[in-house]
Amino acid sequence: ITVVKSMKNPPDGVKLVMEAVCVMKEVKPDKVNDPAGTGKKILDYWGPSKRVLGDMNFLASLREYDKDNIPISVIKKIRDDYITNPDFDPMKVRNASSAAEGLCR
């Protein structure tokens, strides 16, 4: 987890998994300037992800996550944006980070 948190510009697989973790924990993304230079703001989960990873109780909060009472909006977003994403696969994520692979499972 410390390795993932220390990444300045993590691989896409790590970002995708941490984005899903933020969605599950209902952590809102930051609005940042689009790095492509469009002048628009984009939603970025990496800043919030680092804050989540920095929580001393992060792993305990995952173990104690109330999976029987997940809000419908969270379930829908996870199904629509992550479960159907071919890159959201533990075997693919493992190439980027073994810690992120564990979170993907």
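This is a short talk on the overall build of one protein and on one residue inside it, Val17.

Okay, some ground rules. We're looking at a predicted model, where local features need pLDDT of at least 70, side-chain atom pairs count only at pLDDT 80 or more, and totals for chains, interfaces and linings use all residues. Residues are numbered from 1 along each chain as its sequence is written, and side-chain values use heavy atoms, with hydrogens and water left out.

So, the big picture. The protein has seven helices and two strands, where helices (H or I, at least four residues) and strands (E, at least two) are DSSP runs numbered from the N terminus. Reading from the N terminus, you get α-α-β-β-α-α-α-α-α. The radius of gyration, taken over C-alpha atoms, is 14 Å, close to the 13 Å from the globule rule (2.2 Å times the number of residues to the power 0.38) for 105 residues, so the protein is as compact as a globular protein of that length. Along the principal axes, the C-alpha atoms fill a box of roughly 40 × 30 × 30 Å.

Now, is Val17 buried or exposed? Val17 sits in helix α2 and has 1% relative accessibility, so it counts as buried. Buried means under 20% relative accessible area, exposed over 50%, and partly exposed in between, with a 1.4 Å probe and protein chains only. Across the protein, 31% of the 105 residues are buried.

And what does Val17 touch, beyond neighbours within four places in sequence? Phe88, Val93, Ala100, Leu103 and Cys104 are its contacts, meaning heavy atoms within 4.5 Å. That's my tour, thanks!
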